[in-house]
Amino acid sequence: MQISFKGSKVLVAGGSRGIGRSIALAFAAEGAAVAICARDAKGLDAAATELRRRGGTVYSMSCDLAEASAASRFVTQAAHALDGIDILVNNASGLGVKDDESGWRASIDVDLMATVRATQTAIPFMEKGGGVIINISSISGLKAVPRTLPYAAVKAALVNYTMSQGLALASKRIRVNAIAPGAIEFPGGVWDNRKTSDPQLYQRTLSGMPWGRFGKPEEIAQVALFLASEMGSWVTGQTIVVDGGQSLA
């Protein structure tokens, strides 16, 4: 079966770089109309330009998903711009790593509450014809990670939220799944920055990767395409680990 999203309307929250950008580009390459949002206006414009080269409809919106109204505003405006929603990808992260008020607030506001708000807003647009929601969690949410307590705990919450919503929305023909990436490297990303900010951690993590390399954003995008396609039609409430065996090592 060939994957095609011609005529589909896809929203990617946090779509200007890294995993979100790769997911948006992958859907656009398969014919989808795509909407993205991000805080960084410059990066957002660059990603939107790339998407337009695929030839489909593109909508972009600069916003800070930590703000209570931002996620709902993005989903509503994108739905009107694309004339509906078929697929929602909740990818944005506040990257709250410090075990203090700011670290917890960053992860809760963006990773969790922006996902909840975007989902709640998208559901009425999907109810008539069904839809797909994909949440980006992390392998950090599946184990103890003292180094990044808030990030790991909130990513674990997303795993449970995905299970619960998968069950709650089945009657509406809305499938809900999550992807739990391992360490993914891309220019300007966390692991790219760790090369200089914390080379010991970078090398220690790299040495523990069974394939001898970090993952690529495109490898997460490929799984997102599967989960959103008809080939994943009987998959819901699940979290798919995509880490090259990192969590097994």
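Which residue in E7 is the bridge partner of Pro181? Keep that in mind as we walk through this predicted model; we will get there by way of the sheet.

Start by selecting the strands. Seven of them form an open sheet with parallel pairing, in the order E3-E2-E1-E4-E5-E6-E7. At the edges you will find E3 (58–62) and E7 (239–242), each with a single partner strand, so one side of each has no neighbour in the sheet. On average, neighbouring strands are turned by 15° against each other, direction ignored.

Next, pick out E5 (residues 131–136) and E6 (residues 174–181), which pair in the parallel sense over six bridges. Ile133 has Val176 of E6 as its bridge partner, and Ile134 has Asn177 of E6.

Stay on E6 and colour it by burial: eight of its eight residues are buried. In a regular strand, side chains alternate between the two faces of the sheet. Here, Ile174, Val176, Ala178 and Ala180 are buried on one side, while Arg175, Asn177, Ile179 and Pro181 are buried on the other.

H5 (residues 149–168) touches E5, E6 and E7, and its direction makes about 160° with that of E6. H4 (residues 101–126) lies across E4 (87–90), E5 and E6, running at about 180° to E4.

Then step over to E7, which pairs with E6 in the parallel sense over four bridges. Here is the answer to our opening question: the partner of Pro181 is Val242.

For a last stop, select Trp191, Tyr202 and Phe214, which form one aromatic cluster.

Methods
Residues are numbered from 1 along each chain as its sequence is written. This is a predicted model: local features need pLDDT of at least 70, side-chain atom pairs count only at pLDDT 80 or more; totals for chains, interfaces and linings use all residues. Side-chain values use heavy atoms; hydrogens and water are left out. Two strands pair if DSSP finds at least two bridges between them. Helices (H or I, at least four residues) and strands (E, at least two) are DSSP runs, numbered from the N terminus. Axes are lines fitted to C-alpha atoms, for helices over the stretch in contact, and angles run from 0 to 180 degrees between N-to-C directions. Contact means heavy atoms within 4.5 Å. Rings of Phe, Tyr and Trp (its six-membered ring) pair if their centres lie within 6.5 Å; planes under 30 degrees apart count as stacked, over 60 as edge-to-face and the rest as tilted. Buried means under 20% relative accessible area, exposed over 50%, partly exposed in between (1.4 Å probe, protein chains only).
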